[in-house]
Amino acid sequence: MTPDEIREKLKEVKYPGFSRDIVSFGIVKEIDVDATRTQVRLAIVTDNRDVALEIVQNVELVLGGVEGLPPLDLVVEKPQAGEQAAAAEKQPERGPKGVPGVARIIAVASGKGGVGKSTVAANLAVALAKAGNRVGLLDADIYGPSVPTMFGLAEDERAGSDEEGRLIPIERHGVRLVSMGMFVSDGAPLIWRGPMLTKALSQFTWDVAWGELDYLLIDLPPGTGDVQMTVTMQIALDGGVIVTTPQDVALADVERGVEMFQRVNAPVLGVVENMSFHVCSGCGREAHIFGDGGGKRMAEKFGLPFLGAIPLLRGIRENSDAGVPTVVSEPDGDAAQAFLSVAERLVLSLPGKEVGHA
Ligand SMILES: Nc1ncnc2c1ncn2[C@@H]1O[C@H](COP(=O)(O)OP(=O)(O)OP(=O)(O)O)[C@@H](O)[C@H]1O
Ligand SMILES: [Mg+2]
């Protein structure tokens, strides 16, 4: 094995607690192989002994498994105090970060646009709030924000800021809202390029006075491109929800959504099938215009929980357009019940400790 191959192999070792590997963190310095030994120099910039130990053990484990490799000679350098600070400055830990005060962060994604992701995110947020949770909703769709419309914010309603200069979310129906729509007037052209976009997103996430939250839901823009990757890589997500419709095309997109979350090691909490069946407003009969049970089958195929099906109802769109999500405006209707039961299953699907109420 050449030093380059060994370096490649070492990418299997993740920095403890992060989805990124130790090579991309710059921890692997020199690699030197001769007939008698394989020398690997690691520079571990941390005062946390457990982290250092875990890295060393995993390096031994990974290289120990390579057949025919001369015995490992691992040299761990600890950078000098000054050097260490400089290195830390140059290489901030770029793994995902949590949001202080926020217990759970859940991203709502879809492989393609128009499947009702924002509608589902809004109603889930309200459903969780109704159950007594402190909830925030971040509209990360900076090209086509829908939170202002769906929550009936006045056109000139803008987010204020506190004395530390952080944005103060606008609260509606018990949900603390932050959306790009609060910063630009309707119809203003938004042209964002990579770095600006990343900056805007991190401002919307971290420079916000969210307060204490049980849940922060993030309404991602449709698809699995740059913005979605930025969000999923920067923010330590507790999980993702994938919204789909029953058509085959949409189901193929689920796969991409699943892959996106897998790449950043965020668990997929489940699949919601929206516009699942049509309920006739005259006779009340259900019609499965797009086919039946597709979302459920897809969830099963990926071994994911199926969180539920939301009917296709004119009222859902009308309520969204009127700025009062269905869960609030028609709390006893079938649609609201469907959203509430999805919220309940979502909470149950979260790994680990239970924080909120379903
Ligand atoms: N279950 C439903 N029944 C009826 N109309 C719905 C339903 N779900 C969503 N809609 C309507 O479909 C349209 C698209 O929904 P929404 O904006 O939530 O989708 P999206 O996936 O967030 O779209 P985008 O890709 O633009 O972000 C909206 O007009 C919305 O009111
Ligand atoms: Mg949307």
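Two strands pair if DSSP finds at least two bridges between them; helices (H or I, at least four residues) and strands (E, at least two) are DSSP runs, numbered from the N terminus. The legends describe a predicted model, in which local features need pLDDT of at least 70 and side-chain atom pairs count only at pLDDT 80 or more, while totals for chains, interfaces and linings use all residues. Residues are numbered from 1 along each chain as its sequence is written, chains are lettered from A and ligands numbered from 1 in the order in which they are written, and side-chain values use heavy atoms, with hydrogens and water left out.

**View 1. Parallel pairing of strand 12 and strand 15.** Three bridges join strand 12 (residues 268-273) to strand 15 in the parallel sense. Within this pair, Val-271 has Phe-306 of strand 15 opposite. Both strands belong to an open sheet of eight strands with mixed pairing, ordered 8-9-5-10-4-11-12-15. Its edge strands, each pairing on one side only, are strand 8 (170-172) and strand 15 (306-309). Direction ignored, neighbouring strands of this sheet are turned by 25° against each other on average; axes are lines fitted to C-alpha atoms, for helices over the stretch in contact, and angles run from 0 to 180 degrees between N-to-C directions.

View 2. Helix 4 lies across strand 4 (102-109), strand 5 (135-139), strand 9 (175-179), strand 10 (213-219), strand 11 (239-244) and strand 12. Contact here means heavy atoms within 4.5 Å. Relative to strand 10, helix 4 runs at about 170°.

**View 3. Surroundings of ligand 1.** The shell around ligand 1 holds 17 residues, of which the closest are Gly-114, Lys-117, Ser-118, Thr-119 and Pro-311; a residue is near a molecule if one of its heavy atoms lies within 4 Å of it. By class, the shell divides into seven nonpolar, seven polar and three charged residues, where Ala, Val, Leu, Ile, Met, Phe, Trp, Tyr, Cys and Pro count as nonpolar, Asp, Glu, Lys and Arg as charged, and the others, Gly among them, as polar.

View 4. An oxygen atom of ligand 1 lies 2.4 Å from a polar side-chain atom of Thr-119. For Val-115, a backbone N or O atom is 3.1 Å from an oxygen atom of the ligand. A polar backbone atom of Leu-313 lies 3.0 Å from a nitrogen atom of ligand 1. Taken alone, ligand 1 exposes 630 Å², and the protein buries 78% of that. Helix 4 (117-130) and helix 10 (314-322) are the elements that give two or more residues to the shell.

View 5. Val-28 has Leu-42 as its bridge partner, and Ile-31 stands opposite Val-40.

How values were computed:
Polar contact = N/O pair within 3.5 Å; in protein donor to acceptor, adjacent residues only side chain to side chain. Areas by Shrake-Rupley, 256 points an atom, 1.4 Å probe, with all protein chains shown as cover.
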